[in-house]
Amino acid sequence: MADRIVEAGADPDEIAAALTQLGDQAGVFLGRLAAHSALREGDGDASDVADRDAEASASLLAHVQSVYEAEKADTAALARPKDLSKLPTWVAAKAAFGNDVTFVIKLAGRHVTPPTGRFVRYAADALGVAITQVRQHFADGMPRGVAGAEFKSSGKPGTGGVEDFAEAVRAASIPDELRSRWLAE
């Protein structure tokens, strides 16, 4: 197979397909490719080249495998939708929401009425999710408690309270530009 690819001149897709088919023998394949390449450049005997480049081939194969595994993990992470009911998802993007942690907790726990369309589009961009996922998050009904959130008031914390989105935005410590943008609709 190495001989055919070298003689025919392969593109990267053909080489990747060949490596996939070879499995554990990919190191031998890379060694043969290195030997052919060296012979074309006039570096001497094929057996000397193969011995000299065996370590380089193994290193190249390990690198290709690590890049493949990293890209595979990245693709799997992108395909999995983010859970917007989890506070860390929102906290990771809190700078986009004016760094007001109380406001972010209200959003994550659905302690606000459904927001304006402009805010939904803004939140989807900030969180890196689809607009429909943000809409669904706020449409799912009852507010959820946020694990680990502590109330700093002297009285008993209220449960299940839903604040008007516009009032929550007005009360939040956010730049006026964001406030006016989110409330305009």
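This is a predicted model: local features need pLDDT of at least 70, side-chain atom pairs count only at pLDDT 80 or more; totals for chains, interfaces and linings use all residues.

Colleague: Okay. How many helices and strands does the protein have?

Modeller: There are 10 helices and zero strands. Going along the sequence, the pattern reads α-α-α-α-α-α-α-α-α-α.

Colleague: What share of the residues is buried?

Modeller: Of the 185 residues, 29% are buried.

Colleague: And of the contacts with a separation of 6 or more, what percentage comes from residues 24 or more positions apart?

Modeller: Those account for 61%.

Colleague: Let's go inside. Which residues of the largest nonpolar core touch the most other members?

Modeller: That core has 25 residues, and the ones touching the most other members are Trp-90, Phe-97, Phe-103, Leu-107, Phe-119, Val-134 and Trp-182.

Colleague: Which helices supply at least two residues each?

Modeller: α5 (87-91), α6 (101-108), α7, α8 (131-139), α9 (165-171) and α10 do. The one that gives the most is α7, with five residues.

Colleague: Which residues make the contact?

Modeller: From α7 you have Arg-118, Phe-119 and Tyr-122, and from α10 there are Leu-178, Arg-181 and Trp-182. Sorted by class, that contact has four nonpolar, no polar and two charged residues.

Colleague: I keep seeing rings. How many aromatic pairs are in the whole structure?

Modeller: A search finds 10 aromatic pairs. One of them is Trp-90 with Phe-138, an edge-to-face pair with 6.1 Å centre to centre and 70° between the planes.

Colleague: Where do those two sit in the chain?

Modeller: Trp-90 is in helix α5 and Phe-138 is in helix α8, 48 residues apart, so the pair links distant parts of the chain.

Colleague: Are Trp-90 and Phe-138 buried or exposed?

Modeller: Both Trp-90 and Phe-138 are buried.

Colleague: Which residues do the ring pairs link into a cluster?

Modeller: The cluster holds Trp-90, Phe-97, Phe-103, Phe-119, Tyr-122, Phe-138, Phe-165 and Trp-182. Two of those names came up in the helix contact as well: Phe-119 and Tyr-122 on the α7 side.

Colleague: New topic: loops. Where is Ile-174?

Modeller: Ile-174 is in the loop between α9 and α10.

Colleague: Why does Ile-174 count as buried?

Modeller: Because its relative accessibility is 8%, and the cut-off for buried is under 20%.

Colleague: What does Ile-174 touch, leaving aside its neighbours within four places in sequence?

Modeller: With those left out, Ile-174 is in contact with Phe-97, Gly-98, Val-169, Arg-179 and Trp-182. Also, Ile-174 and Asp-100 are 74 residues apart in sequence, while their C-alpha atoms are 6.8 Å apart in space.

Colleague: What about backbone angles? What is the phi of Asn-99?

Modeller: Asn-99 has a positive phi of about 60°, although it is not a glycine. Asn-99 sits in the loop between α5 and α6, and at 45% relative accessibility it counts as partly exposed.

Colleague: And what is the phi of Arg-110?

Modeller: Near 60°, a positive value again in a residue other than glycine. Arg-110 is in the loop between α6 and α7.

Colleague: Is Arg-110 buried or exposed?

Modeller: Arg-110 is buried, with a relative accessible area of 4%.

Colleague: Last one. Where is Val-162?

Modeller: Val-162 is in the loop between α8 and α9. With a relative accessible area of 44%, Val-162 is partly exposed. Val-162 and Pro-114 are 48 residues apart in sequence and 9.9 Å apart in space, C-alpha to C-alpha.

Conventions. Residues are numbered from 1 along each chain as its sequence is written. Side-chain values use heavy atoms; hydrogens and water are left out. Contact means heavy atoms within 4.5 Å. Helices (H or I, at least four residues) and strands (E, at least two) are DSSP runs, numbered from the N terminus. Ala, Val, Leu, Ile, Met, Phe, Trp, Tyr, Cys and Pro count as nonpolar, Asp, Glu, Lys and Arg as charged, and the others, Gly among them, as polar. A nonpolar core is a set of buried Ala, Val, Leu, Ile, Met, Phe, Trp, Tyr and Cys residues joined through side-chain atoms within 4.5 Å. Buried means under 20% relative accessible area, exposed over 50%, partly exposed in between (1.4 Å probe, protein chains only). Rings of Phe, Tyr and Trp (its six-membered ring) pair if their centres lie within 6.5 Å; planes under 30 degrees apart count as stacked, over 60 as edge-to-face and the rest as tilted.
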